[in-house]
Amino acid sequence: MASATEQRETDQVHEIGHEEYDPIGTAILIGIYFLILVLLWLFMYFVEFLGNGPTVVGALLTVVGLA
Amino acid sequence: MNIHTYEKAWLVAAMVLIVGFIATITYGAVGPGIAMIDDDAGSIDPNEISDHERFGETGVEHLGGNEYEVNVVAQAWAYSPSEIEVPAGSEVTFYVTSRDVTHSFTVVGTNVNTMVVPGQISEMTVQFDEPGEYGILCNEYCGEGHHTMEGLLTVVPEDEFDLTELSTDAPREVEVGNETTINATVSNGMQDGLETTATLEIGEQQYERDVTIDGEGSAELTFDVDTDALGEGEHDWTFTVDDHEESGTLSVVSETDGGDTNE
Amino acid sequence: MEVTRMSSTAGQTYLDQFPAEAKVIKAAFWSSFMALAIGGLLGLVQALHRTDVLRFIDSADYYTVLTAHGVLLAITFTIFFLVGIFTWAVTTSLDRGVVDIRFTWAWYIMMVVGTILVGVSILGGVVDAIPTNADVLFTFYAPLQAHPAFYVGLVLFVVGSWLAGADWFRTWWAWRKENPDERIPLPTFMALTTTLFWYLCTLGVALSILVFLLPWSLGIVDSVNPLLTRTLFWYFGHAVVYFWLMPAYMMWYIMLPKLSGGKLFSDPLARVVFVLFLLLSTPVGIHHQYLDPGIAEGYKFIAMTNTMFLLLPSLLTAFTVVASMEHGARQRGGTGYLGWLKALPWRDPVFTGMALAGLMFAAAGFSGMINAGMNINYLVHNTWWVVGHFHLTVGTAVALTFMAAAYWFIPQVTGKELWSRRLALGQVLVWFVGMTFMSNAMHRSGLFGMPRRTAEPQYQGFDFEPAVGTVGEINAQVALGAVLLTVALAMFLLNMVMTSFNDDSDSLPANTYAGTLSGPEDSPAVLDNLKLWTAIAVVLVIVGYTLPLASIVDSGGLFGPDIGGFQLAIETDPALVLESVREVMP
């Protein structure tokens, strides 16, 4: 149905109001995005960054690190 | 305000994400102890770098134990020194400043990376656990030759590292039968004392001497050379202390053609 | 308020409604396209040079080309398009023209004069007949010094944009007198909040140029404090990225829902988002200086916290915009959890361009989160990663949205039908594919330390060691991406030029924007209190910047310790080239 109606601005099939509309597809997409962000962040920080040593450390904090 | 339940949930998730990011960064600071470049090292007048206590003489300095300092001056389009050598297992604090425009001091393939802004001193402390070789580059545009600005950082195995410097002073020509000496100055840049053997080889002859040099000290060594035994001719000599060596050639000439004896 | 305000003007194009304003907007768009054409072409020259695919300029001239590329695209292209769109947004949504069209032309001409001054002074770096030099890149960090004309041109351009903002405010005040009780229409609300943080942030760069850099380049003062002018630049330099992003956000909020066949999901949340940008865009600039000496770690941490919270409006936008698209798709008959995606008008270049731009922005959001993370900056600072990031943001989220928008706007302001929708659709796809190659390769290369801003990233003493892939493969992807982007750019310009030769059309769609599912009546009136939000924004800036600036002035002095200007050129005499490595030539 959609392919037959492209390019026209008035190809609305029915009207959906605010009360009856649940953006479930958006919730799924944004959930996937959230997961990607979390996994990539962990990978970038703990693998790419902390695995890329030597790293600049504070002289004081190294003592804490050894203890 | 009329906000959909899903959107409220996303708002909460977004806040969790943000707080989680900040928490990770904070963990990096207190766990592995990652420190940011800050204002601790103070400011400097770029016109007075040459007279500055730290940057008047650039290079590696031993502080004692496994601690070292490296003082670096960046300028278009080179670092002084351009090659840096430190031992593995060391804790090295870099101090970097610029003589002209803004540069960076970036050790390639590591997280050692700082901007070098004229008027400021960048300070970073780094632990080098393993031997390795790293390029150094400037990643801030600094004029038309920017892409040629580079250096080299070598982390050598601990037992191969020293801060010994050797300079020699020897005549080039001597008359056969005359006494002559080959002199060497051995300085020890480490804070710890240095016990080693100095060797002079000349022709078929070999001289050896044990030397002990205090931390931050130096020793003058004088070797008498027997020119009679060497005989007339060109004699190559090599002076060795630890892995450092200097060499030269001594001409032993007959009494008659010897114009002058260079000291 | 669910209907857009165009009852009196139904069926009319923008040109029919506001013929005088349409002319200025058309001029602004064309200025923007010209900057895009020149800047984009220079981008190809750089990409081929850096990757060693084709080098036909001197490496020394690379930096002149890079300066022009940065200034023309980051400043000229984006801001000319912005002033066009915002003028459209204010007049359309208030349903009234500007107060005085001569004033509108005045700021436009001022911006053009500024651009020409800047452009010519940069061009002096490669054209001997022009006695100027401005090889200082887009960031013009002192003590690299440009010709005074460069700084004067920048000031004129920025002041022109200030007057444009004044124009929108005047128009709104005039409307307010006639409509004292109405909520500010959303497009105008977006333009005004954006203008407010633009005023706030440009104060920094104005101060940097007028008090320090311009007098210094003229020889009136002989020294600057490089860290101070640099900090003032970044005070402006991060907010400017939101400045050029806001028109793209506006398009996603008020055009994408309509193009999808639906309505904006939430007008109140859109207002909240723009208020957050007004509050947080400026007191974050220090996150560009995480690796700068002379700034204490605590200030860097505060800047990071602000920056991370600035993610919130963008994350909210992602939901609202996608939900609006889903609404349109379902109204068009789309069904299923994700099956509705197929019901979106993918053959419409305006929709597809904006949707792909939004998708790219989601990816850019991730690399931006990395850039915002304070200590992880050691990994990526000044590497090609950063360049990959902003080619996704300004280079796609903004540029592709603008080009897609142009396919709708140019017919609106000229009354001529777009020359080829099919070419336009192909264009947005080629741009997307080209940028995928280029930006992905750039991001990856940053992770093994490949620097940005360099003519020849090939060193004598060491090689780069990618964990995955090779330097050659990455270079090939960047070069391929750059060629595709240039092809897309040519397709865009061709379409624009051919459209302007079209005959006038009377079958164009009316000048409308999206209605809302949840309108402004659902939001508290305090959201429209611009004075309140501006006051809070000023307080946040004072809190974020007073102490760092005071400490920089305290340690380095207001004018620095006798730091003169440098124009570091390689002498042409080969004997001197060797010497110049050791010698600095002021």
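The contact between chain B and chain A takes in 27 residues of chain B and 24 residues of chain A, where contact means heavy atoms within 4.5 Å. This is a predicted model, in which local features need pLDDT of at least 70 and side-chain atom pairs count only at pLDDT 80 or more, whereas totals for chains, interfaces and linings use all residues. Residues are numbered from 1 along each chain as its sequence is written, chains are lettered from A and ligands numbered from 1 in the order in which they are written, and side-chain values use heavy atoms, with hydrogens and water left out.

The size of an interface is often given as the accessible area lost when the parts come together. Buried area here is the accessible area (1.4 Å probe) that two parts lose on being put together, summed over both. Chain B and chain A bury about 2,500 Å² between them, and 68% of that area lies on carbon and sulfur atoms. On the side of chain B, Tyr6(B), Trp10(B) and Asn111(B) lose the most area to chain A, together 25% of what that side buries. A salt bridge is a side-chain nitrogen of Lys or Arg within 4 Å of a carboxyl oxygen of Asp or Glu, and between chain B and chain A the count is 0.

Chain A itself contains 3 helices and 1 strand. Helices (H or I, at least four residues) and strands (E, at least two) are DSSP runs, numbered from the N terminus. Read from that terminus, the elements of chain A follow the order α-α-β-α. Of the 67 residues in chain A, 33% are buried; buried means under 20% relative accessible area, exposed over 50%, and partly exposed in between (1.4 Å probe, protein chains only). Chain A exposes about 4,000 Å², with 67% of it supplied by carbon and sulfur atoms. Such accessible areas come from the Shrake-Rupley method with a 1.4 Å probe, and for residues only the protein chains shown count as cover.

Chain B also has a contact with chain C, to which chain C gives 77 residues and chain B 67 residues. The area buried between chain C and chain B is about 6,300 Å², and carbon and sulfur atoms give 65% of it. Across this interface there is 1 salt bridge. It joins the side chains of Arg453(C) and Glu140(B), at 3.0 Å from N to O.

Attention now turns to the sheets of chain B. Strands of a sheet pair through backbone hydrogen bonds, either parallel or antiparallel. Two strands count as paired if DSSP finds at least two bridges between them. One open sheet of chain B has 3 strands in the order E11-E13-E16, with antiparallel pairing. Its edge strands are E11 (164–169) and E16 (218–226) of chain B, each of which pairs on one side only. E11(B) and strand E13 (residues 179–188) of chain B are paired over 6 bridges, and Leu166(B) stands opposite Val186(B) in E13(B). E13(B) is joined to E16(B) by 9 bridges, with Asn183(B) having Thr222(B) as its bridge partner in E16(B).

In a regular strand the side chains alternate between the two faces of the sheet.

Over all chains, the salt bridges come to 14. In chain C, Asp504(C) and Lys416(C) form one of them, at 3.9 Å from N to O. Asp504(C) lies in the loop between helix H17 (471–501) and helix H18 (530–556) of chain C, and Lys416(C) in the loop between helix H15 (384–414) and helix H16 (421–447) of chain C, so the pair ties together parts that are 88 residues apart in sequence. Asp504(C) is exposed, with a relative accessible area of 63%, whereas Lys416(C) is buried, at 18%.
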